[in-house]
Amino acid sequence: MDAAPFPLGAAIDQRETTGAAGQALAHHFTQLTAENHMKPEAWYDDDGTFAPDPQIDALMSYAQAKGLRVYGHVLVWHNQTPAWFFTHEDGTPLTDGAADQQILRDRLRNHIHAVAEYLADGWGEFGNGNPLVAWDVVNEVIDKGTGFADGMRRSEWYRVLGEEFIDLAFTYADEAFNDRHAGPAATGRPVALFINEFDTETADKQDRYHALVSRLLERGVPVDGVGHQMHVSLDVPVESLAAALDRFAAMPVQQAVTEMDVPTGMPVTPSALAEQGHYYEAAFRAFRERADVLFSVSLWGFHDGRSWRDAYGAPLLLDEQLEAKPALAGALAGLRAASPS
Ligand code: XIL
């Protein structure tokens, strides 16, 4: 995808780093995200000891060898996070009292600093040869419904610390990745710090997301970027994807499409695959026209056989034989379409 005016990424695991898949991935994409193996649970053994999953090493070394960027996913989330983060040693839950809040702040800071130190020790300081260029610092912190006035998800992070956990996560990440472990050759802040969210193309979610990012920026929280997952389907208007990006364009942030996939629905028919091709073409044209605000565009998976949504119908650009689908031709056509001047 040489035509892309922004880095193009795919979410993968170790299986895509070797053999034909490893070659094809580096041919089509310029960035990777760990689909699962940089989430909080991937860094600890069952006893809660810091013990990074070997998949992390495989992904980092593959990226470094192939000259691909790594988009980190994710430092703080309510899913795929060890339960001990939120409990005392005897298993009782942390409360929102001052002492317990400090325990959780310390755990959050220790986690982020341990991750940064491990990655810097193994693959170089940030901005100085390390392939890591960004993190989703927090993920899915907005509530799904509209039940709470502040619009925030009642996660364990939120239950103990309130919205402060977001400010702290960005502050600690900035400290660890852009200061303590940033290389001397690094200019500026080498690791871009993103907030990430799903359904940002829908009205309520988008309003609450925009309001939260405004509050963070007003408080001086070091947010560099706003991520849009874009797990969509053929009935989500492409105009709403473009509108989601435009909604944040006036803010002093970059944006990223972080997890795009577009299942056809079942059964997967030739006409559905053709329609999917047109969808990707229109979406990638919209992305191309907004390349100046886009840090990267990532697909959530490399080929249909490895997609978390394959049961809903062949969501990605390549089929499981790594053959190009109309979706790939569509994405390329969208990228090549002349942008309006
Ligand atoms: C998904 C993975 O694709 C699955 O393999 C895993 O079982 C669950 O998580 N939003 C996110 C991603 O931010 O981390 C999720 O990834 C998909 C939804």
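Which domains give residues to the shell around the ligand, and where does the ligand lie? Select domain 1 (16-31 + 247-336) and domain 2 (36-228): both contribute to that shell, so the ligand lies between them. The domain bounds come from an automatic or database domain assignment.

This is a predicted model, in which local features need pLDDT of at least 70, side-chain atom pairs count only at pLDDT 80 or more, and totals for chains, interfaces and linings use all residues. Residues are numbered from 1 along each chain as its sequence is written, and side-chain values use heavy atoms, with hydrogens and water left out.

Next, select the 13 residues around the ligand, meaning those with a heavy atom within 4 Å of it. Glu 35, Lys 39, His 73, Asn 139 and Glu 259 come nearest. By class, the shell has 3 nonpolar, 6 polar and 4 charged residues (Ala, Val, Leu, Ile, Met, Phe, Trp, Tyr, Cys and Pro count as nonpolar; Asp, Glu, Lys and Arg as charged; the others, Gly among them, as polar).

Now show polar contacts (pairs of N or O atoms within 3.5 Å). A polar side-chain atom of Lys 39 is 2.8 Å from a ligand oxygen. For Asn 139 the distance from such an atom to a ligand oxygen is 2.8 Å, and for Gln 80 it is 3.4 Å. The protein covers 77% of the 420 Å² of accessible area that the ligand has on its own (Shrake-Rupley method, 1.4 Å probe).

Notes: A polar contact is a pair of N or O atoms within 3.5 Å; within protein, one must be able to donate a hydrogen and the other to accept it, and residues adjacent in sequence count only if both atoms are side-chain atoms.
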